[in-house]
Amino acid sequence: MKKMTKVAALLLAGTMVMSLAACSSKSDTTTTTAAAEETTETTAETEAGETVAEGEMGPIFKDLKENGVLKVGIIGNDPTFCFHTVQDGKDVLAGFEVAGMYEMADRLSEYLDREVTVEFYESDFTGCMSALEANQVFFVTRLSPTDERKETWLFTDVYHKSNECYVALKDNVDNEKFTGTLEGVSVCGQMGSIDITMTQHLYPDAEIQELGLVSDLLLSVKNGKSDLACMNAVSAAMSVAANPDLAVVDSLTWEPTDEFDKGCGLCMAYGNEDFAEWASQFFADITEEGLWAQMQSDAAAQLDEEALANFIVE
């Protein structure tokens, strides 16, 4: 299947700032279980040492020790984080967050001295958070640790962050209104996303519209219902590559500060501070090893016509 090398180049150029803010792109809710892929022999180091006494474990570690299943809530259909592709004639879940979870399970297997497999609960933002509240998953990936969310949920350290972009019709990118506070400009974004929050901070006079899928945002711009669609650099690169009549408004692209965009981490219930600390160290380890960057490069190289088709709107 043809690789989308042009798209991969765009993604790598636009997203290697550090890693990304929360999105709420949607796919049908699915559950996928798989054994951890063996990608490295290095065990994540933690201050707790090689093992943790079972009586000292929080709920996630206790469940992992007993059942050996890493239950991951993942926001789907968001290349290159999480998307579907075909391998050996079979539909498989791919993306660098997916690869990261397999690596996490592999290192947990060594840490807990038992095999740990991965079970993905793939849904949109609302579905994943509902699953977290119902204890169907241990954590949800790719959520920004805002002060409001931290009042209810525990987060790991940030593991990804990227530039924020605004997409417009190509023949409208030089609109004189695309400056200042964006007064009189309609901006659409994904419901529950940090993109909306940051736009409200940066451009207080913009008219905000909250929609569902990335495809909904693009369609709104194409139909003239919105002037701009706000999204992260990954989605923006995919969107303009799939739709030649759209373009990124370079003058509005910016690298967020922590004041507006804290990046994203794993979101879980309080009481799992031991696991949050272990997971934070895990991401620090694979970043230092260069493995995290390699996973992102590999995910971009996996993009094919089918993955790109999800961003084509007419």
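Visitor: Why is A242 called buried?

Guide: A242 has 11% relative accessibility, and the word buried applies under 20%; A242 therefore counts as buried. The model is a predicted one. A242 lies in helix 8.

Visitor: What does helix 8 pack on?

Guide: The sheet in question is an open one of five strands, in the order 10-9-11-8-12. Helix 8, residues 233-242, packs on this sheet and touches strand 8 (164-169), strand 11 (228-232) and strand 12. The direction of helix 8 makes about 125 degrees with that of strand 11.

Visitor: What makes strand 10 and strand 12 the edge strands?

Guide: Strand 10 (207-211) and strand 12 (246-248) each pair on one side only. Pairing requires at least two bridges between two strands. Strand 9 (residues 186-190) and strand 10 have five bridges between them and run parallel, so that they meet the criterion of at least two. Within this pair, Q190 stands opposite L211.

Visitor: Which residues of helix 6 are buried, and what do they pack against?

Guide: In helix 6, which spans residues 194-202, the buried residues are I194, D195, I196, M198 and T199. They pack against strand 8, strand 9, strand 10 and strand 11.

Visitor: Why is L182 called buried, and why is D113 called exposed?

Guide: L182 has 0% relative accessibility, and therefore counts as buried, the limit being under 20%. D113 reaches 66% and therefore counts as exposed, a word that applies over 50%. L182 is found in the loop between strand 8 and strand 9, whereas D113 is found in the loop between helix 3 and strand 5 (117-123).

Visitor: What is the phi of each of these two residues?

Guide: The phi of D113 is near 60 degrees, a positive value in a residue other than glycine. L182, which is not a glycine either, has a positive phi of about 60 degrees.

Visitor: What makes strand 3 and strand 4 a pair?

Guide: Strand 3 (residues 83-87) and strand 4 (residues 90-94) are joined by five bridges in the antiparallel sense; at least two are required, so the two strands count as paired. T85 stands opposite V92 in this pair. The two strands form a hairpin with two residues between them, and D88 in the turn has a positive phi of about 55 degrees.

Visitor: How do you know that strand 13 pairs with strand 6 and with strand 7?

Guide: Strand 6 (residues 139-143) and strand 13 (residues 265-268) share three bridges and are antiparallel. Strand 7 (residues 154-155) is joined to strand 13 by two bridges, again antiparallel. L143 stands opposite G265, and F155 stands opposite C267.

Visitor: How does the span of helix 9 stand against the expected value?

Guide: Helix 9, residues 273-288, has 16 residues and reaches 22 Å from its first C-alpha to its last. The expected span is 1.5 Å times one less than the number of residues, and for helix 9 this gives 22 Å, to which the span is close. Just after helix 9, G290 takes a positive phi of about 85 degrees.

Visitor: Where do helix 3 and helix 9 touch, and how do they cross?

Guide: The axes of helix 3 (residues 96-112) and helix 9 come within 11 Å and cross at roughly 115 degrees. The crossing is right-handed. Helix 3 contributes G100, M101, E103, M104, R107, L108 and Y111 to the contact, and helix 9 contributes F275, W278, A279, F282, F283, D285 and I286. The residues of this contact divide into ten nonpolar, one polar and three charged. Among the buried residues of helix 9 are F275, W278 and F282.

Visitor: What is the makeup of the whole protein?

Guide: There are eleven helices and 13 strands. Of the 314 residues, 54% are buried.

Conventions
Residues numbered from 1 in each chain as written. Predicted model: local features only at pLDDT ≥ 70, side-chain atom pairs only at ≥ 80, totals over all residues. Heavy atoms only, no water. Helix = DSSP H or I, 4+ residues; strand = E, 2+ residues; numbered from the N terminus. Buried < 20%, exposed > 50% of the residue type's maximum accessible area, 1.4 Å probe, protein only. Axes fitted to C-alpha atoms, helices over the stretch in contact; angles between N-to-C directions. Left-handed = near helix turned anticlockwise from the far one by under 90°. Contact = heavy atoms within 4.5 Å. Nonpolar A, V, L, I, M, F, W, Y, C, P; charged D, E, K, R; others polar.
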